[in-house]
Amino acid sequence: MITTKHQIIRYNKLDRCFQNYGKEYSIGDLLAAVNDAILEYDPNSSGVEIRTLRKDISFMRSESGYNAPIETYKGANGFYYRYADKNFSINKSPLNDTEAEQLKNAIAILQRFEGSPEFEWINELGPLLNDKFGLVNHEQKVISLETNIDYKGYEYITPLFNAIVNKTVLKITYAPFGKAEYKIYFHPYFLKQYNNRWFVFGYNEYNEVPQWNLALDRIQYIEKANHLYKKDETDWFDFFDEIIGVSKEPGKEAEKVVLHFDKEQAPYVQTKPLHGSQKSKVLGDGSLEVTIEVILNYELEMRLLSFGEKVRIISPEQLVTTISNRIKKLNQLY
């Protein structure tokens, strides 16, 4: 059985419905929920019929599917469907045989491109997927990536991605840290990950800012809005060229930042540059002078502070003063 993108969307939507003990989903409710999910991904789709839905449920229950404990119960308004085990989820299950075979085939196809300069990422992807999903037998896992399993913004990546692709305006309920919750009409343009957090950039209708930044973990609710989508002309890769992180104050220009790293830290900074513009020069005492061209922002400050006493900021003076004040406040805590 070949699993299509629409099937994956249907299985995931059904999974969430079966997990929801706060609502009794009849077969009609399930069909409506599944078709809404499909239309969100593909507005041109005609959805599925009830026969297909019943086949999906049967497959999810089967051993070749997910062995899902889907039960039928009689409620006040007729029969409804729900997991017998409220903690079950297909996303907690290992890959079924069909998925494992398809993933193996996909990896085999990708690995044909190994060695080509533009496909260097495959050298990491193949072993990672093989290990992560147990497609190659090992006594224990041998690869680990830094990630945050408790991050609460992951569920918004797919709807935001679909809204970007389909040019859909969203009404977003947002709760910044330390401030009151608010709602905005938002035209999403670009998703970016930084420091294990996800951010979406787009046009904020309220203040007419075209490159507004929202952290996904502060989003409370997303719904579609029937507004005309404002076209975006931003080159987003160029947009991030001049910054470290995601903060870019409108109108600010990149500045030359000069840093001196001690000789113990020097080789680490040489092999893992701070920024794409980095230029390095080894000084007489073995320390390293690093120059980068960036816009000054909060993420740059935090990155420099992470080096502690192993770096000294030479210029610009504004950055020297900012970091010096932060160190003085830090010293007052101890």
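Start by selecting L330, L333 and Y334: together they make a nonpolar surface patch of about 430 Å². Patches here are built from residues with over 30% relative accessible area and no salt bridge; nonpolar side chains (Val, Leu, Ile, Met, Phe, Trp, Tyr) are joined within 5 Å, like charges within 9 Å. Accessible areas follow the Shrake-Rupley method with a 1.4 Å probe, and for residues only the protein chains shown count as cover.

This is a predicted model, in which local features need pLDDT of at least 70, side-chain atom pairs count only at pLDDT 80 or more, and totals for chains, interfaces and linings use all residues. Residues are numbered from 1 along each chain as its sequence is written, and side-chain values use heavy atoms, with hydrogens and water left out.

**Stop 1: from the patch to the helix**

Stay on L330. This residue belongs to helix α10, residues 317-331. Helices (H or I, at least four residues) and strands (E, at least two) are DSSP runs, numbered from the N terminus. L330 counts as partly exposed because its relative accessibility is 44%. The cut-offs: buried is under 20% relative accessible area, exposed is over 50%, and partly exposed lies in between, with a 1.4 Å probe and protein chains only.

**Stop 2: the four-stranded sheet**

Select β9, β10, β8 and β11. In that order they form an open sheet of 4 strands with antiparallel pairing. Two strands pair if DSSP finds at least two bridges between them. β9 (279-282) and β11 (311-315) are the edge strands, each pairing on one side only. Neighbouring strands of this sheet are turned by 25 degrees against each other on average, direction ignored. Axes are lines fitted to C-alpha atoms, for helices over the stretch in contact; angles run from 0 to 180 degrees between N-to-C directions.

Now zoom in on β9 and β10. They run antiparallel and are joined by 4 bridges. Pick K279: its bridge partner in β10 is T291. Bring α10 back into view. The helix packs on the sheet, touching β8 (255-261) and β11, and its direction makes about 140 degrees with that of β11. Contact means heavy atoms within 4.5 Å.

**Stop 3**

Select N297, in the loop between β10 (288-294) and α9 (298-305). Is N297 buried or exposed? N297 counts as buried, because its relative accessibility is 7%. Show what surrounds N297: leaving aside neighbours within four places in sequence, its contacts are I243, I244 and S247.

**Stop 4: salt bridges**

Side chains of opposite charge can pair when their charged atoms come close. The rule used here asks for a side-chain nitrogen of Lys or Arg within 4 Å of a carboxyl oxygen of Asp or Glu. How many salt bridges does this rule give? The count comes to 7.

Select D56 and R10. Their closest N and O atoms are 2.5 Å apart, and the two form a salt bridge. D56 lies in helix α3 (residues 50-61) and R10 in helix α1 (residues 5-19), so the pair ties together parts that are 46 residues apart in sequence. D56 is buried at 3% relative accessibility. R10 is buried too, with a relative accessible area of 7%.

Next, E242 and K248. Their side chains meet in a salt bridge at 3.9 Å, N to O. E242 is partly exposed at 32% relative accessible area, and K248 is partly exposed at 26%.

Then K281 and E289. This salt bridge has its closest N and O atoms 3.8 Å apart. K281 is partly exposed, with a relative accessible area of 47%.

**Stop 5: the five-stranded sheet**

Select β6, β5, β4, β3 and β7. These 5 strands form an open sheet in that order, with antiparallel pairing. β6 (209-215) and β7 (219-224) stand at the edges with a single partner strand each, so one side of each has no neighbour in the sheet. Neighbouring strands are turned by 45 degrees against each other on average, direction ignored.

Focus on β5. Of its 8 residues, 7 are buried. β4 (residues 182-194) runs antiparallel to β5 (residues 197-204), joined by 8 bridges. Check two positions: H187 stands opposite Y203, and P188 stands opposite G202. The β4-β5 hairpin has 2 residues between its strands, and N195 in the turn has a positive phi of about 55 degrees.

Finish on the β6 side. β5 and β6 pair in the antiparallel sense over 5 bridges. G202 stands opposite W212 in β6. The hairpin of β5 and β6 has 4 residues between the strands, and E208 takes a positive phi near 60 degrees there.
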